[in-house]
Each structure stands twice: as structure tokens, then as C-alpha cells.
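Biologist: I would like to go through the labels one by one and ask what each rests on.

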Amino acid sequence: MNKRVQPSVPASPAPPRAQGELLERAAAGDERALAVLYDTYAGPLYGYGLQRLGDPQLAEEFVQGVMVKLWRLASRYDRTRASVTTWVYTIARTVAIDVHRRRSRWEEPAPAPDHPETVDALDDLLRAEAVRAALERVSPEHREVLRLAYFAGLSQAEIASRLGLPLGTVKSRTYYGLRALRLACEELGVEV
């Protein structure tokens with residue numbers, strides 16, 4: 001784990017299907033599996049850390065923090081709930097926040113990145129991916145109502161009509177679905 005990030009060197013990424021197996025092996029203490037995951041994610045994480053934190057040393061600290069946390073939490077990964085990539089970037093987002101907070105307590109704030117719109121777009125993408133993973137944790141009945149309401153823009157009356165359900169059931173599913181989604185987001189460390 002004491003590798004120095006080499007963002008200009010292309011990584012030999014593990015195929016998405018194999019990444020879950022690598023996490024299982026890493027949870028069991030297989031350092032080679034962790035090294036493959038490092039090679040897969042170090043470059044993109046370094047780029048994200050550099051854009052987000054604006055400092056190469058902090059970006060390296062960020063990559064190390066993500067990989068350590070990934071290793072410690074590997075046994076908690078559930079492939080039925082999210083892809084490895086989603087899970088890694090959910091961890092990355094929380095580590096970036098931690099590194100930024102730690103830096104702001106001890107140092108003068110760094111200048112804003114040259115392209116804040118790129119950072120914002122990446123943050124939005126990561127947040128959307130994490131919310132998508134959280135939505136998968138919600139029961140299918142609640143998820144269907146939430147998708148129709150928030151992604152299709154239907155009113156509760158329209159949802160009731162489309163699904164052939166009483167309006168009260170749709171209201172109840174919306175309420176409890178949002179509650180479950182909020183809890184799932186908290187578990188994943190996503191601020192919505």
C-alpha cells in the first residue's frame with residue numbers, strides 16, 4: 001500500500017465482474033487482490049483528488065485514504081446493492097470531505113481549482129451514482145413509486161392510476177420509500 005501514485009502510467013484495470021471477487025479476496029487478506037484494485041482505481045482517484053483538493057500531495061493522501069478504507073470495509077461490500085465502482089467512489093467522496101476538513105483546520109485554504117465546473121460535474125456524477133446505488137436498496141414497490149414521481153414527473157394521482165393502486169397506498173409508499181432512501185444514502189455516506 002505504500003505505492004506512489006503514477007497518474008501518467010496507464011493502470012491495468014480489473015474487469016468490473018472480477019472486482020467483486022477481488023474485494024472478497026482483499027477482505028480475506030489477499031494483498032495481491034488489493035494491489036489489482038489499487039492499479040484499477042489509483043489513477044482516476046488521483047485525478048479526482050487533484051481536481052477536488054487542488055494539491056498533488058493531498059491527492060496522494062486522498063488515494064491512500066480511499067484504498068485503506070476500501071481494504072478495511074471490503075468485508076462489508078454487497079455486490080447485490082452496488083457495483084464496486086459505485087462503492088469505491090462513494091468511499092472516495094467521504095474521504096475527500098475528510099481530507100478537505102482536516103486541511104482546512106490546519107492550513108490556509110488552497111486556491112479553488114482552475115475548472116470548478118469540472119469538479120462540480122464530477123461531484124454531481126458521483127452523487128448521482130451513489131443515489132442510484134442507494135435507490136437499489138429500497139424495496140421494489142417503493143422504488144417504483146419513487147422513480148415514477150421523481151424521474152417520470154408523475155403526480156401521486158397519476159401514479160395511482162398507472163399502477164392501479166389506491167391513492168393512499170401511493171402516498172404511503174412515497175413516504176416510506178423516501179425514508180428508506182434517506183437511510184440508504186446515510187449508510188453509503190451520501191449527502192442529499
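Biologist: Why is glutamate 136 called partly exposed?

Modeller: Its relative accessible area is 38%. Buried means under 20%, exposed means over 50%, and partly exposed is in between, with a 1.4 Å probe and protein chains only. The value of 38% is in between, so glutamate 136 is partly exposed. Keep in mind that this is a predicted model, in which local features need pLDDT of at least 70 and side-chain atom pairs pLDDT 80 or more, while totals for chains, interfaces and linings use all residues. Residues are numbered from 1 along each chain as its sequence is written, and side-chain values use heavy atoms, without hydrogens and water.

Biologist: What makes arginine 147 and glutamate 136 a salt bridge?

Modeller: The term asks for a side-chain nitrogen of Lys or Arg within 4 Å of a carboxyl oxygen of Asp or Glu. Here the closest N and O atoms are 2.7 Å apart, so the pair meets the rule. Arginine 147 is in helix α6 (residues 140–150), whereas glutamate 136 is in the loop between α5 (116–135) and α6, and the two are eleven residues apart. Arginine 147 is also partly exposed, at 34% relative accessibility.

Biologist: How many salt bridges are there by this rule?

Modeller: The count is two. Arginine 25 and aspartate 30 form a salt bridge too, with their closest N and O atoms 2.9 Å apart. Arginine 25 has 40% relative accessibility and counts as partly exposed. Aspartate 30 has 26% and gets that label as well. As background, side chains of opposite charge can pair when their charged atoms come close.

Biologist: How many aromatic pairs does the structure hold?

Modeller: It holds four aromatic pairs. One of them joins tyrosine 48 and phenylalanine 62, with ring centres 5.8 Å apart and planes at 50°.

Biologist: Why is that pair called tilted?

Modeller: Rings of Phe, Tyr and Trp (its six-membered ring) pair if their centres lie within 6.5 Å; planes under 30 degrees apart are stacked, over 60 edge-to-face, and the rest tilted. At 50°, the planes fall in the rest, so the pair is tilted. Tyrosine 48 belongs to helix α2 (residues 31–53) and phenylalanine 62 to helix α3 (residues 56–73). Tyrosine 48 is buried at 3%, and phenylalanine 62 is buried at 0%.

Modeller: Another tilted pair is tyrosine 77 with tryptophan 87, whose centres are 5.3 Å apart and whose planes are at 55°. Tyrosine 77 is in the loop between α3 and α4 (84–106), tryptophan 87 in helix α4. Both tyrosine 77 and tryptophan 87 are buried.

Biologist: How do you know what counts as a helix?

Modeller: Helices (H or I, at least four residues) and strands (E, at least two) are DSSP runs, numbered from the N terminus. By that count the chain has eight helices and zero strands.

Biologist: At what angle do α6 and helix α8 (residues 167–188) pack?

Modeller: The angle is about 95°, with the axes 8 Å apart. That makes α6 roughly perpendicular to α8, because angles of 65 to 115 degrees get this label, while under 35 is roughly parallel, over 145 roughly antiparallel and the rest oblique. The axes are lines fitted to C-alpha atoms, for helices over the stretch in contact, and angles run from 0 to 180 degrees between N-to-C directions. Contact means heavy atoms within 4.5 Å. Among the residues that meet are Leu146 and Tyr150 in α6, and Leu178 and Leu181 in α8.
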